[in-house]
Amino acid sequence: MESETTATLLTPPGRGALATIRVRGPQAWQITNACLTKPIELADSAVMRPWLREFRSAQGAGEELVVCFSSECEARIHCHGGTAACEAVLKALEEQGAQREQGTLAEPNADARNALAGALSEKTALILLDQLQGAWGKEIQTIIDLIQRSEHTDARARVEALLSRVPLGQHLTQPWQVVLAGRPNAGKSNLLNALLGFQRSITSPEPGTTRDVVTARTAFDGWPVELRDTAGLRTTTDAIEVAGVELAERELRAADLVLFLIPSTDSFSEAAVQLQTIRELRGDRPLIVVSTKSDLPTQTPIGNAIAVSAVSGVGLAELAAAIVHRLIGAPPQPDEAVPFLPEHAAALTNARDALDAGSPQLVLFSLNEIR
């Protein structure tokens, strides 16, 4: 029955020092806490945070174990890997109302296989294929080995390296969001069409043609990107235009990268005001300033801006390369581990914090969760 709360042994019985038991269902929180000498408060349980607790059953208090909650309806219990220890925990969970599941061990590479099916380009598929073929599990095992040898400095460096790849891993199955912004008639729609190679946005000399967000997916050097054309930023009293500007500002704050367009025909003072506006909205998040309409005779040089022309195509290749550089940086090498699930990022963060706190045992439990 779908409403049942189940307890499942996810690791082969008797094979390793640690075992993982999953509790899943509407009563997962209550049943798991009923088996602990000190319950875990719902408000204190961040996703995948490891909690060290003492296990108890009808016979009284037992050994220590680690509990992680991915939600109120799912918990992971890490205990000693011996058959007797696993059986004691499973029996205690059954006594509290959980239904034991038999013979449903998780396939180690199931997550990578599922992610690979959602890859958006050949490059992202190759990275996920590396994870499927063992790159991820090998790196986690290497870190575990370092911890067990008390080589904590090297282990932390490897954890930090994995955390630096979290943004990339988040976009292996979801495109980066790149927003085109600027004043009305700055050339946003023309640039969108030029980067795509076909007409996606309606263009007009009349300012304010774009009011809603126009989106289109493409790839730069094999990396999937969703371009988002927004309404021109301006002060207005028209209700529809106000809504369009507010939507554009929300897109600016949320985007992975913003292309901020300033026409080369604008005066230096006009450009300075526009740059001040975008910096107030964007803060220190990734931004590329683009000087549009570079085919026209009147030009105002803007420091560090990329000059482009949607008419002649000048600067488009340079802009595409800059987008890849700002989003990807140094791409992973073949067979390099990349965190590709939110659970990976949470567990790695917990592992780093546990290392900093001098709790290597909690590091091992966090890493065992994502191995």
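Is Ser-150 buried or exposed? In this predicted model, Ser-150 is exposed, with a relative accessible area of 55%; the cut-off for that label is over 50%. The residue sits in the loop that connects α5 (135-148) with α6 (152-164). Its backbone deserves a look as well: Ser-150 is not a glycine, yet its phi is positive, at about 65°. As background, most residues other than glycine have a negative phi.

A second case is found in a loop between strands. Asp-221 lies between β8 (214-220) and β9 (223-229), and its phi is also positive, about 55°, although it is not a glycine. Asp-221 counts as exposed, at 55% relative accessibility.

β8 and β9 belong to an open sheet of six strands, ordered β8-β9-β7-β10-β11-β12, in which the pairing is mixed. β8 and β12 (306-307) form the edges, each pairing on one side only.

Within this sheet, β10 (residues 257-263) and β11 (residues 287-292) run parallel and are joined by six bridges. One of the residues involved is Val-258, whose bridge partner in β11 is Leu-287. Helix α10 (residues 268-282) packs on the sheet and touches β10 and β11. The direction of α10 makes about 165° with that of β10.

Another helix, α8 (residues 188-196), lies across β7 (176-182), β8, β9, β10 and β11. Relative to β9, α8 runs at about 155°.

Definitions and conventions. Residues are numbered from 1 along each chain as its sequence is written. This is a predicted model: local features need pLDDT of at least 70, side-chain atom pairs count only at pLDDT 80 or more; totals for chains, interfaces and linings use all residues. Side-chain values use heavy atoms; hydrogens and water are left out. Helices (H or I, at least four residues) and strands (E, at least two) are DSSP runs, numbered from the N terminus. Buried means under 20% relative accessible area, exposed over 50%, partly exposed in between (1.4 Å probe, protein chains only). Two strands pair if DSSP finds at least two bridges between them. Contact means heavy atoms within 4.5 Å. Axes are lines fitted to C-alpha atoms, for helices over the stretch in contact, and angles run from 0 to 180 degrees between N-to-C directions.
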